Amino acid sequence: MTKYIVKRLLLMIPTLFGVAVIIFFLMRIVPGDIVELRFAGESAYAQKENLDTERARLGLDKPIGQQFLTWIGGLLRLDFGTSMWTGAPITEEIRLRFALSLQLAIMATIVAILLAIPLGVIAALRQDTWIDYTVRVMSIAGLATPSFWLGIVFILGLLIVFKWLPPMVYTPFWVNPVQNLAQLIWPALAVGYRYSAVATRMTRSAMLEVLREDYIRTARAKGLWEKLILSRHALKNAMLPVLTVIALEFAFLIGGLVVTEQVFNLNGLGMLFVEAVGHRDYTLTQALVMLVAFVFIFVNFLVDLAYAWLDPRIRFR
Amino acid sequence: MAIGRPVDVAAEIPEATRRRRWLAAVGEFCRQRPLGAIGAIVVVVNIVVGVSANVIAPYDPLATDYGAMLARPSAAHWLGTDAFGRDVLSRIIYGSRTAMLVGFACALLGATIGAVIGVASAYFAGKVDLLVQRVMDIFLAFPLIILALAVVSILGTGIVNVIVAIAIPMIPRAALVSRSSALAIREMPYVDAARAAGFRHRRIILRHMLPNVMAPYLIMLTAYLGQAILAEASLTFLGLGVSEPTPAWGLMLRGAAVQFAESAPWMAVFPGLAISLAVFAFNLFGDSLRDALDPRLRAQ
């Protein structure tokens, strides 16, 4: 087991390095750089000298290979440097945004789990009845509805029916939990519904598969209470693929909610992404991409680990 | 008796029989999977509407009418008008053209390139396979929106660039799926036979292996169609996709639609419904197609 974990951890390195190479050079292909953008606002023709000093200050005058090595060297020491646009340390820039994105992702996950598992189980138990059909249609509809549009509809509904708008300025949870939840519950519902659709379908099909297993028949044959069969024998075994879907979707939510954040005016990681690319803030964009890629790879790793942990058939292979 | 040329079985079936078989298969599908059939019908309607938008649409989607700005849905404007007095229904009808174009182009590009890479990776095995796998891992870990942002920043906005931006992230996912199906096919005797016959790698991959991953390919294709339409709407909504004046659903939800949401909710509601309905239909059809094509599910 330890050998497996070490091997998987080591395998993360080449993948992260590949992501680093791609984002570094991709950003350099994007036309226009931060210095041009900054001086473009000030005067129609900024002195070339000014541009050059600014580039030298940011280290953009050095050969590209050297820039890359400097950056990678910093990454290895977990030093992300400072934002080229604001000059603030990148860890500072990211921290608050990350807290918001993380909270939203967690809330959406809770919504998704609360919807998906009961619905998926009921649909599987009542396969091919109207309940099953309703759940299936609901989940396909969830996959088809853009969550940013659902967000717009929520805001519209609140506005027209209750004449009330959710707060548009972010308050951290520890400052004012009510204010915080009143703002974040709507995007969490909009995103959670879509997210639950994937999980519901997975729960349903996993349950259907498990319910056909011999050990369920055995449990029934020995007269075990149906509730116990479901909770202890069926659901537990059906949860593995559901866990995978939920975890992967969670990894996506940490930087992938750009549009929903826009609709609800939330300053999360997604918005930061768009700003960073817009400003050609190389250091910030690179750090963000590395962060999101790391979360994705790490969650994948955890899922594989959980599989090995929960399923002895995999552990002892 | 000398061994003759291989017989092309399909060629010996008369055209009429072949057509009848097709119809029978379609009939079977509709009977067994009514939900899928409904999805297919909506998809076809969507395509027809998109193709013949200039005939069906009651108004020019770009024509502004300052006398009827933000008009409620009425007999003249079934779904109302937007902040420039443009007919919402006509814009949705024309938007269908954009959505279908982007959807089909992205799904075809993404699924096909992905399938070729996946099958080739499985066929060559060994070091090549390992390398391809690693590269695909990197792209999978890469945030989709950044890829799209970068592509659009490099190439500029516009429909072709949006298609590229959406299709690229689909490739590694398609490659993964096709590779796992192709691994089993590689061990088939006919692939060995083809290799023994001295065919080139390209021919074996394209003519012998690729057609046999058709089932997962079609499933991916239908799933990607919906996803591409959603992605296009999201990118466009962010201002990174299709740009004015091209009528697109995501574009209709942008700016004024949110600004005037309280007084003219139809501007924000109907385009979103159009997106949902189109993607819903593709998913419904795709799901049923998967059930029909996947032998493991068929047995259940």
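**Entry 1: aromatic pairs**

I count two rings of Phe, Tyr or Trp as a pair if their centres lie within 6.5 Å. The model I am reading is predicted. I searched the whole structure and found 13 aromatic pairs over all chains.

I looked up Phe24(A) and Phe68(A) first. Their rings stand edge-to-face, with 4.9 Å from centre to centre and 70 degrees between the planes. Which parts of the chain does this pair link? I find Phe24(A) in helix α1 (residues 2–29) of chain A. Phe68(A) sits in helix α4 (residues 64–76) of chain A. The two are 44 residues apart, so I note a link between distant parts of the chain, with each helix taken as a DSSP run. Both Phe24(A) and Phe68(A) are buried.

Next I took Phe294(A) and Phe298(A). Is this pair stacked or edge-to-face? The planes meet at 15 degrees and the centres are 5.5 Å apart, so I record the pair as stacked. Planes under 30 degrees apart count as stacked. Both residues lie in helix α13 (residues 282–310) of chain A. They are four residues apart, about one turn of the helix. An α-helix has 3.6 residues a turn, so residues three or four places apart point the same way.

Phe294(A) has a relative accessible area of 36% and is partly exposed. Phe298(A), at 31%, is partly exposed too. The cut-offs I used are under 20% for buried and over 50% for exposed.

**Entry 2: a cluster, and charges over rings**

I followed the ring pairs around Phe24(A). They link Phe17(A), Phe24(A), Phe25(A), Phe68(A) and Trp71(A) into a cluster. Phe24(A) has a charged neighbour as well: Arg28(A) lies over its face, 3.8 Å from the ring centre.

In chain B I noted Arg203(B). Its charged end sits over the ring of Phe199(B), at 4.3 Å from the centre.

**Entry 3: Gln103(A)**

I located Gln103(A) in helix α5 (residues 90–125) of chain A. Is Gln103(A) buried or exposed? Its relative accessibility is 14%, so I list Gln103(A) as buried. Which side chain does Gln103(A) join by a polar contact? I found Asn180(A), at 2.7 Å. I then set aside the neighbours within four places in sequence. What remains in contact with Gln103(A) is Tyr170(A), Phe173(A), Asn180(A), Leu181(A) and Leu184(A).

I looked at the second largest pocket. Its volume is about 620 Å³. I see 19 lining residues. Nearest the pocket centre lie Leu16(A), Leu75(A), Leu78(A), Phe80(A) and Met290(A). Helices α1, α4, α5 and α13 of chain A each give two or more residues to this lining.

Then I turned to cavities. How many of 30 Å³ or more does the whole structure hold? I found one. The largest cavity has a volume of about 50 Å³. Its lining includes Leu115(A), Val135(A), Met138(A), Tyr193(A) and Thr200(A). At least two lining residues each come from α5, α6 (130–144) and α8 (177–211) of chain A. The largest share, four residues, is from α8(A).

**Entry 4: helix α12(A)**

I listed the buried residues of helix α12 (residues 269–279) of chain A. They are Leu269(A), Gly270(A), Met271(A), Leu272(A), Phe273(A), Ala276(A) and Val277(A). What covers them? From chain A I noted α1, α5, α10 (226–256), α11 (258–263) and α13 among the covering elements. Chain B contributes α7 (144–155). Just after α12(A), I saw that Arg280(A) takes a positive phi of about 55 degrees.

Notes. Residues are numbered from 1 along each chain as its sequence is written. Chains are lettered from A and ligands numbered from 1 in the order in which they are written. This is a predicted model: local features need pLDDT of at least 70, side-chain atom pairs count only at pLDDT 80 or more; totals for chains, interfaces and linings use all residues. Side-chain values use heavy atoms; hydrogens and water are left out. Rings of Phe, Tyr and Trp (its six-membered ring) pair if their centres lie within 6.5 Å; planes under 30 degrees apart count as stacked, over 60 as edge-to-face and the rest as tilted. Buried means under 20% relative accessible area, exposed over 50%, partly exposed in between (1.4 Å probe, protein chains only). A charge sits over a ring if NZ of Lys or CZ of Arg is within 6 Å of the ring centre and within 35 degrees of the ring normal. A polar contact is a pair of N or O atoms within 3.5 Å; within protein, one must be able to donate a hydrogen and the other to accept it, and residues adjacent in sequence count only if both atoms are side-chain atoms. Contact means heavy atoms within 4.5 Å. On a 1 Å grid over the protein atoms alone, a cavity is a set of points where a 1.4 Å probe fits but cannot get out, and a pocket is an open set with protein on both sides within 12 Å along at least five of seven lines; lining residues have an atom within 4 Å of a point. Grid points are joined across faces, edges and corners, and a volume is the space filled by probe spheres set on the points.
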